[in-house]
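Subject: Structure handover

Hello,

Here is the structure I promised you. Please open it first, then read my notes beside it.

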Amino acid sequence: MRDDLPLATTHEVRDRCLCLHLQRAARAIGRRFDEALKPVGLTNGQYSLLISLNRPEPPRLGDVAALLAMDRTTLTANLKPLERRGLLTILPDTKDKRSRRLSLTEAGRDLLVEAVPIWRATHDDVDRLLGGRDDAAPRGDLLALTFPG
């Protein structure tokens, strides 16, 4: 080992790095939800994307990208398999032809009706793992990191 990069630095990062801990937690919780949603053929990311479309008016692609903290290109790539499965439609905005609107199909709504109880049960399990603590404060902290200012 080099003197200017001691093992103590590695331990400091392991113990202190918020980025590392958030990534590890995100992967662990993502795997848990992926496994739970497998029977309905969704990943946790696909579930989040579809549920974000459950609105009275079809949202613009850019609005969904902002909500999910994704760039538009990544969102578009994630939409394609769901569109091919007939779970959503991508249509031009009637007021602005440059913009696209995303809409759940009846098949998409039907799939969400199946998926929501699975999501709830999985979330309840995660809440129990966290000791039933009030999650409002950590969720607020995560929102502040995601949408600063």
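Helices (H or I, at least four residues) and strands (E, at least two) are DSSP runs, numbered from the N terminus. With that in hand, find Ala69: it sits in the loop between helix 4 and helix 5. I come back to Ala69 below.

Two notes on the source. This is a predicted model, where local features need pLDDT of at least 70, side-chain atom pairs count only at pLDDT 80 or more, and totals for chains, interfaces and linings use all residues. Residues are numbered from 1 along each chain as its sequence is written, and side-chain values use heavy atoms, with hydrogens and water left out.

The whole chain

The protein chain has seven helices and two strands. Along the sequence they follow the pattern α-α-α-α-α-β-β-α-α. The C-alpha atoms fill a box of roughly 65 × 35 × 30 Å, taken along the principal axes. The radius of gyration, taken over C-alpha atoms, is 19 Å for the protein chain. A compact globule of 149 residues would have a value near 15 Å. The globule rule behind that is 2.2 Å times the number of residues to the power 0.38.

Now the surface. The accessible surface comes to about 10,300 Å². Carbon and sulfur atoms hold 57% of that surface. Accessible areas come from the Shrake-Rupley method with a 1.4 Å probe; for residues, only the protein chains shown count as cover. Buried residues make up 23% of the 149 residues. Buried means under 20% relative accessible area, exposed over 50%, and partly exposed in between (1.4 Å probe, protein chains only).

Contact means heavy atoms within 4.5 Å. Take the contacts between residues at least 6 apart in sequence: 49% of them join residues at least 24 apart.

Helix 1 against helix 2

Helix 1 covers residues 7-16, and helix 2 covers residues 18-37. They pack at an angle of about 55 degrees, with their axes 6 Å apart. Axes are lines fitted to C-alpha atoms, for helices over the stretch in contact, and angles run from 0 to 180 degrees between N-to-C directions. Helix 1 and helix 2 are therefore oblique to each other. The cut-offs: under 35 degrees is roughly parallel, over 145 roughly antiparallel, 65 to 115 roughly perpendicular, and the rest oblique. Helix 1 makes the contact with Val13, Arg14, Asp15 and Arg16, and helix 2 with Leu18, Leu20 and His21. These residues divide into three nonpolar, one polar and three charged. Ala, Val, Leu, Ile, Met, Phe, Trp, Tyr, Cys and Pro count as nonpolar, Asp, Glu, Lys and Arg as charged, and the others, Gly among them, as polar.

Helix 3 and its cover

Which residues of helix 3 (residues 44-52) are buried? They are Gln46, Tyr47, Leu49, Leu50 and Ser52. Their cover includes helix 2, helix 4 (61-67), helix 5 (72-84), strand 1, strand 2 and helix 6 (106-129). Look at Leu50 in helix 3. Leu50 is buried, because its relative accessible area is 0%. Leaving aside neighbours within four places in sequence, Leu50 contacts Leu42, Leu82, Leu87, Leu88, Leu104 and Leu112. Leu50 and Met1 are 49 residues apart along the chain, and their C-alpha atoms are separated by 49 Å.

- Asp93 lies in the loop between strand 1 (88-92) and strand 2 (100-104). Asp93 counts as buried, at 4% relative accessibility. Not counting residues up to four places away in sequence, Asp93 touches Arg60, Ser99, Arg100 and Arg101.
- Ala69 has a positive phi of about 55 degrees, although it is not a glycine. Most residues other than glycine have a negative phi. Ala69 is exposed, with a relative accessible area of 55%.
- Glu57 is in the loop between helix 3 and helix 4. Glu57 is exposed, at 59%. Its C-alpha atom is separated by 8.1 Å from that of Ser103, 46 residues apart along the chain.
- Arg109 is in helix 6. Arg109 is partly exposed, at 32%. Arg109 and Asn54 are 55 residues apart in sequence and 7.9 Å apart in space, C-alpha to C-alpha.

Best wishes
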